[in-house]
Amino acid sequence: MAFCPSCGSKLDDGTKFCPSCGAAQAADTYNTNTTGNTDANQTQGINITDTTSSYDKADIEKNKVLCAVSYISILFFLPLVACPESRFGKFHANQALILLIASLIIGTAGGIVTQVWWVLPFIPDFIKHVTGSLLSFIFWAAPAAGMIFGIVSAAQGKARELPLIGKFNLINK
């Protein structure tokens, strides 16, 4: 039994287009495991696309550790330098670069919001301390969660797009 990677609907084997969403299906449509899950995961309303089946298994095994390391801040370029022909490496370098850019944007926005919060004269200092700490944690936790997601996915040999921001393509695969 196969499933549509776009919407997760059940498909008959050999189906070229999903009857539910109309998405074109690859020759090797997503297979289920024993629990009935597909490579396209729906997690609490966030669609996480897993394209692992479209990558060469030898490429994945050879480069998954390097791809996991690429999620550590500015090291996104490592797969591009160490394994420039690897499609799996380019996928994770792209995801790591998107995460780095998002982290910079979130960090800048967090710094601005925190500074503005501290100069508001009508908010008592004890509230500023509690809420300022909470805001700082939120602005730090979102990129950290993305980094952990990317590292785990790459180390497992999976090509899962980052939630919310993973659809962007900055590096040609």
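Helices (H or I, at least four residues) and strands (E, at least two) are taken here as DSSP runs, numbered from the N terminus. The model is a predicted one, in which local features need pLDDT of at least 70 and side-chain atom pairs count only at pLDDT 80 or more, while totals for chains, interfaces and linings use all residues. Residues are numbered from 1 along each chain as its sequence is written, and side-chain values use heavy atoms, with hydrogens and water left out.

**Salt bridges**

A salt bridge is counted where a side-chain nitrogen of Lys or Arg lies within 4 Å of a carboxyl oxygen of Asp or Glu, and the structure holds three of them. They are listed below.

| Pair | N to O distance |
|---|---|
| Arg160 and Asp50 | 3.8 Å |
| Lys64 and Glu61 | 3.4 Å |
| Glu161 and Lys167 | 3.1 Å |

The bridge of Arg160 with Asp50 links distant parts of the chain, since Arg160 belongs to the segment after α4 (125-155) and Asp50 to the loop between β5 (46-48) and α1, 110 residues apart. For accessibility, buried means under 20% relative accessible area, exposed over 50%, and partly exposed in between, with a 1.4 Å probe and protein chains only. Arg160 is buried because its relative accessible area is 16%, and Asp50 counts as buried because its value is 3%.

Lys64 and Glu61 are three residues apart in helix α1, so that about one helical turn separates them. Glu61 has 52% relative accessibility and therefore counts as exposed. In the pair of Glu161 and Lys167, the relative accessible area of Glu161 is 13%, so this residue is buried, whereas Lys167, at 57%, is exposed.

Ser153 has its place in helix α4 and, at 2% relative accessibility, counts as buried. With its neighbours within four places in sequence left aside, Ser153 is in contact (heavy atoms within 4.5 Å) with Lys158 and with Arg160, the latter being the partner of Asp50 in a salt bridge.

Asp12 is found in the loop between β2 (10-11) and β3 (30-31), and it is exposed, with a relative accessible area of 60%. Although Asp12 and Ala2 are 10 residues apart in sequence, their C-alpha atoms are 6.5 Å apart in space.

**Helix packing**

Two packed helices are described by the angle between their axes and the distance between the axes. The axes are lines fitted to C-alpha atoms, for helices over the stretch in contact, and the angles run from 0 to 180 degrees between N-to-C directions. Angles under 35 degrees count as roughly parallel, over 145 as roughly antiparallel, 65 to 115 as roughly perpendicular, and the rest as oblique.

The axes of α1 (residues 57-69) and α3 (residues 87-119) come within 8 Å and cross at roughly 25 degrees, which means that α1 is roughly parallel to α3. Where do the two helices meet? Asp59, Ile60, Lys64 and Cys67 in α1 meet Arg87, Phe88, Gly89 and His92 in α3. By class, this contact of α1 with α3 has three nonpolar, two polar and three charged residues, where Ala, Val, Leu, Ile, Met, Phe, Trp, Tyr, Cys and Pro count as nonpolar, Asp, Glu, Lys and Arg as charged, and the others, Gly among them, as polar.

Helices α3 and α4 pack with their axes 10 Å apart, at an angle of about 180 degrees, so α3 is roughly antiparallel to α4. The residues of the contact of α3 with α4 divide into 14 nonpolar, nine polar and one charged.
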